[in-house]
Amino acid sequence: MENSLQIVFATGNLHKVHEVNEIAKGSGVSFILPPEGFDPLENGETFERNSYIKAKEAAILSDSISLADDSGLCVEALNGEPGIFSARYDSTPQKRIDKLLANLAPFGNRNAKFVCAMTLVDGNGEIIHQVTAECRGKISKVQSGSNGFGYDPIFIPDGYTMTIAQMSDELKNSISHRGKALRMMIEYIQKNLI
Ligand code: IMP
């Protein structure tokens, strides 16, 4: 590719960097992990604010254009929980799934959505662009599948009969909140930055 741009992706989660590089393949944009010491204090009250906090910390550390996502699962019958607390809902991924299924058991309404906010900042931590995307679906009664991470084994996207954890990476990326947000962000970067 003639024009290309390497961007720091503000996460400690290698799985996420792999996922965003898969989605960005062929776009001219690629992502690398932040330098050692990346440990932002995610104390914002929205996905947008937390993605900005992470992007800014990575930009200041690396002195480079940085992108961050902040994502989570919002369950309608639980008033949007676990939401921004998705990663901290309990101490392990399996305990988080068990807790969510137990809390949702009394309800007939199993509607839920994954949300992903992304913020792109320059090397000084100033916001260049921000997007938010969703993937709507339902929480299954039992968990199935072993692909992906987090709440994937209990989330059935609208229009499908399997959980995200039963999907290939390609299918997940084509419908996921993160896939949608990243494609919008890449379109912006291609038009304005490379
Ligand atoms: P973040 O890394 O601060 O954005 O934390 C998001 C948390 O939300 C993750 O630790 C997962 O528990 C959950 N989550 C976000 N995106 C996904 C996804 O694509 N699949 C499953 N769980 C997700």
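Student: Which residues touch the most other members in the largest nonpolar core?
Tutor: This is a predicted model, to begin with. The largest nonpolar core has 21 residues, and I7, F31, L67, M118 and L182 touch the most other members.

Student: Which helices and strands each supply at least two residues of this core?
Tutor: On the strand side they are β1 (5-9), β2 (29-32), β5 (111-121) and β6 (127-139). The helices are α1 (14-24) and α5 (177-192).

Student: And where does the largest share come from?
Tutor: From α5, which gives 5 residues to this core.

Student: Back to M118. What does M118 touch?
Tutor: Leaving out residues up to four places away in sequence, M118 touches F9, S51, L67, A68, D69, H129, Q130, V131, R178, A181, L182 and M185. Two names there, L67 and L182, were also in the group that touches the most other core members.

Student: What about a second core, which residues does it include?
Tutor: The second core is separate and has 19 residues, among them A77, L78, Y151 and F155.

Student: New topic, the helices. At what angle do α1 and α5 pack?
Tutor: The angle is about 55°, and the axes of α1 and α5 are 10 Å apart. Because of that angle, α1 counts as oblique to α5.

Student: Is the crossing left-handed or right-handed?
Tutor: α1 passes α5 in a right-handed crossing.

Student: Which residues make the contact?
Tutor: From α1 they are K16, E19, V20, I23 and A24. From α5 they are R178, G179, L182, R183 and I186. Sorted by class, the contact has 5 nonpolar, 1 polar and 4 charged residues.

Student: Where is E22?
Tutor: E22 is in helix α1.

Student: Why does E22 count as partly exposed?
Tutor: Because its relative accessibility is 28%, and partly exposed covers values between the 20% limit for buried and the 50% limit for exposed.

Student: How far apart are E22 and S144?
Tutor: In sequence, E22 and S144 are 122 residues apart; in space, C-alpha to C-alpha, they are 24 Å apart.

Student: Now I53. Buried or exposed?
Tutor: I53 counts as buried, because its relative accessibility is 16% and buried means under 20%. I53 is in helix α2 (residues 47-62).

Student: What does I53 touch?
Tutor: Not counting residues up to four places away in sequence, I53 touches P40, L41, N43 and G44.

Student: And how far is I53 from S91?
Tutor: Their C-alpha atoms are separated by 23 Å, with I53 and S91 being 38 residues apart along the chain.

Student: Let's do the backbone. Which peptide bond is cis, with omega near -5°?
Tutor: The bond from E81 to P82. P82 is in strand β4 (residues 81-82).

Student: What is phi like at D63?
Tutor: D63 is not a glycine, yet its phi is positive, about 55°. D63 is in the loop between α2 and β3 (66-75), and with a relative accessible area of 64%, D63 is exposed.

Student: And what is phi near for N79?
Tutor: Phi of N79 is near 55°, a positive value in a residue other than glycine. N79 is found in the loop between β3 and β4.

Student: Is N79 buried or exposed?
Tutor: N79 counts as exposed, because its relative accessibility is 75%.

How values were computed:
Residues numbered from 1 in each chain as written. Predicted model: local features only at pLDDT ≥ 70, side-chain atom pairs only at ≥ 80, totals over all residues. Heavy atoms only, no water. Core = buried A, V, L, I, M, F, W, Y, C linked by side-chain atoms within 4.5 Å. Buried < 20%, exposed > 50% of the residue type's maximum accessible area, 1.4 Å probe, protein only. Helix = DSSP H or I, 4+ residues; strand = E, 2+ residues; numbered from the N terminus. Contact = heavy atoms within 4.5 Å. Axes fitted to C-alpha atoms, helices over the stretch in contact; angles between N-to-C directions. Parallel < 35°, antiparallel > 145°, perpendicular 65-115°, else oblique. Left-handed = near helix turned anticlockwise from the far one by under 90°. Nonpolar A, V, L, I, M, F, W, Y, C, P; charged D, E, K, R; others polar.
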